[in-house]
Amino acid sequence: MKTCLVVDDSKVIRKVARHILETLNFQVSEAGDGAEALQHCQQTSPDVVLLDWNMPVMSGMEFLRALGDAAVAPRPKVVFCTTENGIAHIKAAIEAGADEYVMKPFDRDTLASKLQIVGVC
Amino acid sequence: MSLDEPGARYLAGLLERATGQQLAENRSWRIDAALGPIIRDRGLDGVTGLVARLVEGHDPALQAEVIDQLLNHETFFFRDAPVFRQVDVAALHALHGARAGSRRLRIWSAGCSTGQEVYSLAMIFAEAEGRWAGWTIDLIGTDVSPSCIRRAEQGVYSSFEIQRGLPVTQMIRWFDPDRDDWRVKREIGRRARFSVHNILDPAPSGPFDLVFCRNVLLYLTPERRRQAFQRIAAALAPDGFLVLGAGETVTGHTDAFAADPDARGLFRPAAGAARMRAA
Ligand SMILES: C[S@@+](CC[C@H](N)C(=O)[O-])C[C@H]1O[C@@H](n2cnc3c(N)ncnc32)[C@H](O)[C@@H]1O
Ligand SMILES: [Mg+2]
């Protein structure tokens, strides 16, 4: 079973994502901000991280950089999942090392498709 | 609505005569949901009222709209991604050699729906520009549905559609944001042409080197399916390739094609294969 860490400050979004991911046979964990997520990854690195952009304490971009610095191994695939849908944001995320990008709102097909593209589904 | 009801039988007959598609076989169909918008727009009294209007026969536009709604148009970018890789490494590789003289390729996507299949191919060519420099690539998409062809020509996709099957790097490389939607860039759009065409009619001007007919023939009656395969065979070069949907095959449906022994998921004209063996 593949593992996915859902990182989002919205409990509702985490719940929706968890539900979809479980129907896709993922074992799901949750984190409410980047710092919590980083800690999780240092203990047990998931196969993939679904990452919100705007969060208190540590944003998605800050998490992505910290993940690189922390040299977490094996490095999880990182899929941004955010309402920041502008092309500048998308480019910045890819440059910072994100593997894929999901624009909110998303549905099951979108998420399944992107997870397939990064090779975890 | 159950397919045993006369109204549903009438609709199934209408669809089958126009497209060869069998409503009963296609389980994804929920007549009421599909026709609800038309019934509401026209203020008709349910499916029964709609059928009554169709039986009167004075409203060809309504009939066309109903047929369109009853068709399954589902599609997405790079659907069955391994098949696209196979097309690239096997079919396009072979054709690059075989057509080195004319430097011209003709590709037909039959039943292209809203265009994602055609634009996926266009991206493959755009991303291997060096390899195809100096070539003329005709990329033609056809569908029986006029509304699908209109949308394919526009090349504008919702954020749900653009995210299905298409990697983000290709999305930002080949599409421009257009409010909440994404519009195909000219560089890709100019490579494709679209027109309304029924697969049961003689094929558009061939011969084609590569034909995609994926997830179209599944629910045709066996006789119509054989007819469609004949139409494609007549339009395909003897050394050309046919690509079907994942899980679709020719075995038991037609003698016009045989599975390519060297490339999974690709099919060759049977006559061409015999000729190539004899040579
Ligand atoms: C399920 S979609 C598949 C689209 C695309 N080929 C793919 O695999 O993603 C099938 C398409 O075939 C079209 N179609 C159905 N019957 C047809 C016919 N007799 N002639 C041409 N197109 C047809 C439908 O309108 C629909 O857009
Ligand atoms: Mg947030």
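In this predicted model, a nitrogen atom of ligand 1 sits 2.9 Å from a polar backbone atom of B:R214. Taken alone, ligand 1 exposes 600 Å², and the protein buries 98% of that. Two further polar contacts deserve mention. The backbone of B:G111 places an N or O atom 2.8 Å from a nitrogen atom of the ligand. From B:Q21 it is the side chain that takes part, with an N or O atom 2.9 Å from a ligand nitrogen.

Which residues come closest to ligand 1? Of the 20 residues that surround the ligand, the closest are B:T75, B:R79, B:G111, B:D143 and B:N215. Sorted by class, the shell comprises 11 polar, five charged and four nonpolar residues.

I turn now to the interface between the two chains. On the side of chain B, 14 residues are in contact with 18 residues of chain A. The size of an interface is often given as the accessible area lost when the parts come together. Here the area buried between chain B and chain A is about 1300 Å², and carbon and sulfur atoms give 69% of it. Which three residues of chain B supply more of its buried area than any other three? They are B:F160, B:Q163 and B:V168, which supply 47% of the area that chain B buries against chain A.

Chain A carries an annotation from UniProt, in an unreviewed entry: "domain: Response regulatory", at residues 3-119. In the model, the end C-alpha atoms of that span lie 13 Å apart, and the span is 44% helix and 21% strand.

Finally, some remarks on backbone geometry. Most residues other than glycine have a negative phi, and most peptide bonds are trans. A:P74 belongs to the loop between helix 3 (60-69) and strand 4 (77-82) of chain A. The bond from A:K104 to A:P105 is also cis, with omega near 0 degrees. A:P105 is placed in the loop between strand 5 (100-103) and helix 5 (108-117) of chain A.

In chain B, where is B:F78 found? This residue is in the loop between helix 4 (60-70) and helix 5 (81-98). Although B:F78 is not a glycine, its phi is positive, about 45 degrees.

Key: Residues are numbered from 1 along each chain as its sequence is written. Chains are lettered from A and ligands numbered from 1 in the order in which they are written. This is a predicted model: local features need pLDDT of at least 70, side-chain atom pairs count only at pLDDT 80 or more; totals for chains, interfaces and linings use all residues. Side-chain values use heavy atoms; hydrogens and water are left out. UniProt positions are given in the numbering used here, feature names are shortened, and annotations may be inferred rather than shown by experiment. Helices (H or I, at least four residues) and strands (E, at least two) are DSSP runs, numbered from the N terminus. A residue is near a molecule or strand if one of its heavy atoms lies within 4 Å of it. A polar contact is a pair of N or O atoms within 3.5 Å; within protein, one must be able to donate a hydrogen and the other to accept it, and residues adjacent in sequence count only if both atoms are side-chain atoms. Accessible areas come from the Shrake-Rupley method with a 1.4 Å probe; for residues, only the protein chains shown count as cover. Ala, Val, Leu, Ile, Met, Phe, Trp, Tyr, Cys and Pro count as nonpolar, Asp, Glu, Lys and Arg as charged, and the others, Gly among them, as polar. Contact means heavy atoms within 4.5 Å. Buried area is the accessible area (1.4 Å probe) that two parts lose on being put together, summed over both.
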